[in-house]
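This briefing concerns the strand pairing, helix packing and backbone geometry of the chain shown below. Please read it alongside the sequence and the structure.

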Amino acid sequence: MTSAPPRENIDPDADLLTELAAKVPKRAMVVMAHPDDTEFACGGTVSKLCAEGWEVRIVVTTSGNKGTKDPGVTSQDLAGEREEEQRRAAEIMGACEPVFFGFPDGYIRNDDELRGLVVRQLRIHRPELVLTWDGFRPGFNHRDHRLTGQAVYDAIYPAADDHLYYPLDKEEDLTPHRPTAMLRAGTDAADYHVDIEPVLRTKVRAVLAHTSQIGERSEADMLRTWRERARAMQREDDEETADPVFRESFRKVLFRR
Ligand SMILES: [Zn+2]
C-alpha cells in the first residue's frame with residue numbers, strides 16, 4: 001500500500017480555498033442529501049471551484065423522490081426526473097457527472113451502509129476538500145440533511161483513512177484517504193464565507209435546472225430576488241463587516257493527517 005505524500009501545513013488563519021489551491025491537489029467532493037441541495041447550499045462555491053480548475057464531484061444520498069405535492073407523480077418518475085435535473089445542474093457548474101446512492105427520500109440513516117458508500121467515494125476520488133451539510137446544527141433541519149452531514153463527518157474521521165474500516169475496498173486496490181478540509185453548509189456557526197458574486201449567474205442557472213422543485217422561473221427574475229435579498233441582509237449586517245454581499249457561508253473543519 002502506498003502512503004500518501006506529506007501534506008504541507010495549511011495555515012488555519014489564511015483563506016482556506018487559496019491555501020488548498022496552493023498546497024494540495026485541487027479535488028473536491030460535495031455530499032448532499034437531495035438533488036438541488038448542492039445548488040442552493042453551495043452552488044456558487046462549486047461553480048467558482050470549477051472555474052478555477054478544481055475537479056468537483058457531487059454525490060447525492062437520495063434521489064429526492066418525495067419532493068412533490070403532485071398526487072399523479074410516482075416516486076420512480078420523480079427520482080428519474082430529479083437525477084436528470086441534478087446532472088444538468090452539475091454540467092452548468094462545470095462539475096463531474098453526479099453519483100446517486102438512491103436511498104429513499106426522508107429515510108437517511110447514519111449507518112454502516114451509508115458510511116461505507118461515502119468512504120468508498122473518498123477512497124476512489126481522493127478529494128482534499130469535502131462540502132456537506134452541517135449535521136450538528138440544532139433546531140429546524142431536514143433529517144436527511146442532518147444525517148447525511150453526520151455520516152460524512154464519521155466517514156472522513158476515522159473510517160476512510162484507516163484500512164481496517166471497510167477492508168473489502170482493498171480488493172479494488174483502494175487505499176486509505178483523509179481529506180484536508182471540510183466545509184459544512186447550513187450551519188448556525190459560520191466562520192468561512194465564499195464571495196460568489198462573480199459566479200452568481202451560474203449558480204442561478206444551476207438552481208433553475210431543478211424545474212420540478214422551483215417551476216419555470218426566469219433567470220432575470222431569480223437574480224433580481226437574490227440581489228434584493230442580499231442587499232437587505234447587507235443593511236442588517238454590522239457596518240464593520242468585511243463579509244462579501246453575495247456569499248455562501250460555512251463552518252470550516254481542518255483534518256490532521
Ligand atoms: Zn434537501
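In strand E7, Ser249 is the bridge partner of His193. E6 and E7 (residues 247-254) run antiparallel and are joined by four bridges. Helices (H or I, at least four residues) and strands (E, at least two) are DSSP runs, numbered from the N terminus. This is a predicted model, in which local features need pLDDT of at least 70 and side-chain atom pairs count only at pLDDT 80 or more, whereas totals for chains, interfaces and linings use all residues. Residues are numbered from 1 along each chain as its sequence is written.

**Sheet**
- Seven strands make up an open sheet with mixed pairing, in the order E3-E2-E1-E4-E5-E7-E6; two strands pair if DSSP finds at least two bridges between them.
- Strands E3 (99-103) and E6 (192-195) are the edge strands, each pairing on one side only.
- From one strand to the next, the twist averages 25 degrees; axes are lines fitted to C-alpha atoms, for helices over the stretch in contact, and angles run from 0 to 180 degrees between N-to-C directions.
- Strands of a sheet pair through backbone hydrogen bonds, either parallel or antiparallel.

**Helix packing**
- Helix H5 (residues 143-156) lies across strands E1 (27-32), E2 (55-62), E4 (129-133) and E5 (181-185), and runs at about 150 degrees to E4.
- Helix H6 (residues 200-208) is mostly covered, with seven of its nine residues buried; a residue is buried if 20 or more other C-beta atoms lie within 10 Å of its own, exposed if 12 or fewer, and partly exposed in between, with C-beta atoms placed from the backbone.
- The buried residues of H6 are Thr202, Lys203, Val204, Arg205, Ala206, Val207 and Leu208.
- Their cover includes helices H2 (37-51), H3 (75-93), H7 (211-214) and H8 (219-236); two residues are in contact if their C-beta atoms, placed from the backbone, lie within 7 Å.

**Backbone geometry**
- Most residues other than glycine have a negative phi, and most peptide bonds are trans.
- Asp36, in the loop between E1 and H2, is not a glycine, yet has a positive phi of about 100 degrees.
- Asp36 is buried because 24 other C-beta atoms lie within 10 Å.
- Arg126, in the loop between helix H4 (112-125) and E4, also is not a glycine and has a positive phi of about 55 degrees.
- Arg126 has 18 C-beta neighbours inside 10 Å and therefore counts as partly exposed.
- Tyr157 and Pro158 are joined by a cis peptide bond, with omega about 5 degrees; Pro158 lies in the loop between H5 and E5.
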